[in-house]
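Subject: Handing over the structure

Hello,

Here is the structure I promised to pass on to you.

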Amino acid sequence: MELLEDLQFRGLINQMTDEEGLRKLLNEEKVKLYVGFDPTADSLHIGHLLPILMLRRFQLAGHQPVALVGGATGLIGDPSGRKTERTLNSVEVVAGWVKSIQNQLSQFLDFDTNENPAIMANNYDWISKMDVISFLRDVGKHFGLNYMLAKDSVQSRLETGISFTEFSYQILQSLDFLKLYETENVRLQVGGSDQWGNITAGLELIRKTKGDDAKAFGLTVPLVTKADGTKFGKSEGNAVWLDPEKTTPYEFYQFWINTDDRDVVKYLKYFTFLSHEEILELEKATEEVPEKRLAQKALAEDVTKLVHGEEALQQAIRISDALFNGEIRELSATEIEQGFKDVPSYINNDETIGLVDLLVNAKISPSKRQAREDIQNGAIYINGDRKTDLQYILSSEDKIEGKYTVIRRGKKKYFLIKHS
């Protein structure tokens, strides 16, 4: 199937500057395209997945992706989609973030293939070498103030205020497109829907400096939304990161497995490489047997494997199954750390502590009287096993790999005991 047809089936095209021209170009040539990623943290999050996977889709279709990490623009700040100015970070901090993000991007793109290897770029390499006079004469003169003020990213900030620094961001991003056009013959820029103004500004700069015959194109992917109105990419108020140290593979898997039925087919199209037939079959299953959550499982497995690998996926599934079935003892200490990362914890230094005292010390039960009642009523579980003995003393068998004991009070309240 033609690449653009696949992207349209998946709902991945929000806007294109010249559909007919781009379709013709993609059918006739191996095209270089780029997506820019500004280093605003030491990791990308799932909000970046859509443009990353767009690069991957184009590479799999035979085209050549350029992953641009904005070491220079990351020092400036993109006003797109923001109500206030970004905090400026030091050159050293941003350089460290650039390296981390480049490492992450290398997981998704093939830089070693002989056919169409991906290219890594950093706009600090050319922007940092420009002097102010060259910037103003060679680039700035091509941008009219009215043209810049009309951009949505600027318009939305005029009332609350925008600095000259962030106002100039679109010029720097336009320069990126021009430089990559000149040095790498990049013909297409892909970005989020909020980047439309910056992309078209780059196309205008190419036209003004290279002439009307210079053919370059822009394409944006849609803003990812959730049916319930909450922001996509957030889990309990926190961003879902691609770095496993910031969001564990289990947490990552759980984010996807909990996808609303109203969103799951859309996300299968956006974030997986499943065939059209497989997606349509899962859509049918969601309509006919939604309780089986087959689409959610397929989504969670496919995306977790893509981002974290097969081993991490299987680990996430084991943790999920163990928690669902109450078989905590089946988990390793590493898996306990992932599955119970955010539950209340208590450090226990007493190797022969009784259960009643532990419940009180760890503030699982508010008093010894309540602790005894909880135990007698069968509300206390140690590593998934119910304990009703008031005289019970924790043993080495209750300490998973000598490190952790998981206590559950009632049906859902988990507590993690860490043994020193």
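Predicted model: local features only at pLDDT ≥ 70, side-chain atom pairs only at ≥ 80, totals over all residues.

Two other strands pair with β5. Strand β2 (residues 32-37) joins β5 in the parallel sense over 3 bridges, and there L33 has L188 of β5 as its bridge partner. Strand β6 (residues 217-221) also runs parallel to β5, and 5 bridges join the two. If you want to find that pairing on screen, look for G191, whose bridge partner in β6 is T220.

Now to the charges. Side chains of opposite charge can pair when their charged atoms come close. How many salt bridges does the structure hold? The count is 21, and I picked out a few for you.

R293 and D261 meet through their side chains in a salt bridge, at 3.8 Å from N to O. This pair links distant parts of the chain, 32 residues apart: R293 sits in the loop between α14 (276-288) and α15 (294-308), while D261 belongs to helix α13 (residues 261-271). R293 is partly exposed, at 29% relative accessible area, and D261 is partly exposed too, at 32%.

Helix α13 also holds a pair of its own. The side chains of K266 and D263 form a salt bridge at 4.0 Å, N to O. These two are 3 residues apart in the helix, so about one helical turn separates them.

Another salt bridge brings the side chains of R409 and D374 together at 3.0 Å, N to O. R409 lies in strand β12 (residues 404-409) and D374 in helix α19 (residues 368-376), so the pair ties together parts that are 35 residues apart in sequence. Here R409 is partly exposed at 22% relative accessible area, and D374 is buried at 7% relative accessibility.

Finally, have a look at E2, E19 and R23, which are linked in a network of salt bridges.

Technical notes:
Residues numbered from 1 in each chain as written. Heavy atoms only, no water. Pairing = 2+ DSSP bridges. Helix = DSSP H or I, 4+ residues; strand = E, 2+ residues; numbered from the N terminus. Buried < 20%, exposed > 50% of the residue type's maximum accessible area, 1.4 Å probe, protein only.
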